[in-house]
Amino acid sequence: MEREINKEHIFDYLGNKTSPIQRKAVEDWLLDRENEELYYQWLEEWERNHLQYIPDTKKALDTFFSQTIVYTEPDTEQSNILNSQENRLWRTFRWASAAVVLLTLTSGWFWRESIMYKSYRTGYGEVAEYRLPDGSDIKLNANSYLRIPRWGFGEQTREVFLSGEAAFNVKHLENHQRFVVKTIEDFEVEVLGTEFIMTARKYGSRVILTTGKVNLRYQANEEKRELEMMPGDLVTLSKNQEMKIRKTDTPENFTEWEESRFYFEETQLEEIGYMLQENYGLEVEFSGPEVSGRMLMGSFKGQTVDDLLVSIAEVLDISVARKGDKVLFSDK
Amino acid sequence: MLKGEDYTGEHMISGSASKAPDRMDRKEPVMCNEKEDSEWVIRSRFSESPKAGFELLFHRYHKVLCSHAVRFVYSREVAEDLVSDVFCRFWKTRAYEAVNSSYRYYLFRSVRNEAYNYLKLEFQKFEKLDESAYNISGLSNQPDYVAQYEEVLRQVENLVESLPPQCRKVFLLSRFEGKKYQEIADELDISVKTVEVHIGKALDLMRRGLKNHWI
């Protein structure tokens, strides 16, 4: 039997004053999506009566308008997204608030500052450029996250954490401070000053060195290994696979995402699926292994993700269908 | 900027609060009436001028959202950033033209999502994030149910509560108030090193305490 839940119950629940039985009843009630509107209404009221502190709303609003919109109507301003996507794309993802979401503001605005770290993030389909406090430049590809220490960056340490993909142009400091990029994997890169591109995605990691010298440290068979990369080297680390190193004559191809081109070098469609998932939040499916195993080579231009999907399908002579954030590749 | 006009935000708030009790016992969800009741002013303002509507909306919800977000992240600065991000997205995507729900619903849900993600990024053990990678649809795992957010929130609260007094004090000064280590050290008459130790300990406790709460 469903219990009737009223405001008092919710207030007790929010104030952590319920017995486990009552709490269960509230939680059951909350399972019904129909009740959510009402819940948020009560939550608002409760929160208003139990404010944790009083933020400076006026200042926040002033900052908001002065920093971001400069009092224009939405959509008319130039955002600083380099890879500016069509509105359609934003709309598609509006409700995908699930993921780390796009911020298209100027400078300091999207630095999530916790106490220890400063973070840089990009949303789906967004590419952004930053200068780090030590003078190094980075360009973050879509859906990527870079975290640097809040204090002492360039003085005591230059250790950063990357999830996603970024192009680094690391400045060589007078004190020869090492620049270390760590990832989720047991895999890190150490440099003094150089240019390289690094990817640390769920489907695997990759480092491409453009100029200079890079030390790569990784774990293999419970063993720590180290490797020195030379310009033009391309190193890939995939799940359950040995590390691969090879030469590429055209490292610049790998930076094509910076100008909304996509370059694939003998890449399986399945892997491109992961890329689409990572960069654009798309859920990609294939009608079968004969499709997902197809190989793709070459450079693709795509101002929007739809353009890219269509050109992939054209090249491989397969069909592609997109519905919301679901994409299906299948045989014709 | 709407010079010469008063924001009616405060009036609306007290108005809706005083009306609320007689609704309390209504059984059916009162969504439609409800949202028009307390948000129609904002809605109609949006249709006249997005800018003016937005200002009204901001005044109405900014404080509560910040206060709510800080319960998750325990940092005023972060909470305010998250809330600003949500408002910004609301503006840039013209959500005010499109949402079927109340603005309140959109804003609270988004802020809770953002706060959850923030915590997760900060405290989740990264190996775990990696394991979930192979769950194909698990690109961005979010709690499905309202109650799961409440659970995380409660856990955060308990964890902060469970810190030893001095450690909690340092943690709150640093994180919630955003004070520098040196300032905290001066204020509490302890060394910067001790401050660091307290912070490290608090963060570690948080990380371990939240370990089993990530979706």
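This report describes nonpolar cores and helix packing in a predicted model.

## Nonpolar cores

The largest nonpolar core has 63 residues. Those with the most contacts inside it are B:A69, B:V73, B:L82, B:V83, B:V111 and B:A115. Helix α3 of chain B, spanning residues 50-73, gives the most to this core, with twelve residues. Apart from it lies another core, of 49 residues, which includes A:I138, A:L162, A:I272 and A:Y280.

The surroundings of B:V111 can be listed individually. Leaving aside neighbours within four places in sequence, B:V111 is in contact with B:L65, B:H68, B:A69, B:L82, B:V83 and B:V86.

## Helices α3 and α6 of chain B

Helix α6 of chain B covers residues 103-123, and the axes of α3(B) and α6(B) come within 10 Å and cross at roughly 30°. Angles under 35 degrees count as roughly parallel, and α3(B) and α6(B) are therefore roughly parallel to each other. The crossing is right-handed.

On the α3(B) side, the contact is made by B:L57, B:Y61, B:L65, B:H68, B:A69, B:F72 and B:V73. On the α6(B) side, the residues are B:Y103, B:R104, B:L107, B:V111, B:A115, B:Y116, B:Y118 and B:L119. By class, this contact of α3(B) with α6(B) comprises 13 nonpolar residues, one polar and one charged.

## Helices α10 and α11 of chain B

Helix α10 (residues 181-188) and helix α11 (residues 192-210) of chain B pack at an angle of about 110°, and their axes are 8 Å apart. That angle makes α10(B) roughly perpendicular to α11(B).

Helix α10(B) contributes B:Y181, B:Q182, B:I184 and B:A185 to the contact, while α11(B) contributes B:V192, B:V195 and B:E196. Five residues of this contact are nonpolar, one is polar and one is charged.

Note on methods. Residues are numbered from 1 along each chain as its sequence is written. Chains are lettered from A and ligands numbered from 1 in the order in which they are written. This is a predicted model: local features need pLDDT of at least 70, side-chain atom pairs count only at pLDDT 80 or more; totals for chains, interfaces and linings use all residues. Axes are lines fitted to C-alpha atoms, for helices over the stretch in contact, and angles run from 0 to 180 degrees between N-to-C directions. Helices (H or I, at least four residues) and strands (E, at least two) are DSSP runs, numbered from the N terminus. Angles under 35 degrees count as roughly parallel, over 145 as roughly antiparallel, 65 to 115 as roughly perpendicular and the rest as oblique. Two residues are in contact if their C-beta atoms, placed from the backbone, lie within 7 Å. Ala, Val, Leu, Ile, Met, Phe, Trp, Tyr, Cys and Pro count as nonpolar, Asp, Glu, Lys and Arg as charged, and the others, Gly among them, as polar. A nonpolar core is a set of buried Ala, Val, Leu, Ile, Met, Phe, Trp, Tyr and Cys residues joined through C-beta atoms within 7 Å. A residue is buried if 20 or more other C-beta atoms lie within 10 Å of its own, exposed if 12 or fewer, and partly exposed in between; C-beta atoms are placed from the backbone. A crossing is left-handed if the near helix is turned anticlockwise from the far one by less than a right angle, and right-handed if clockwise.
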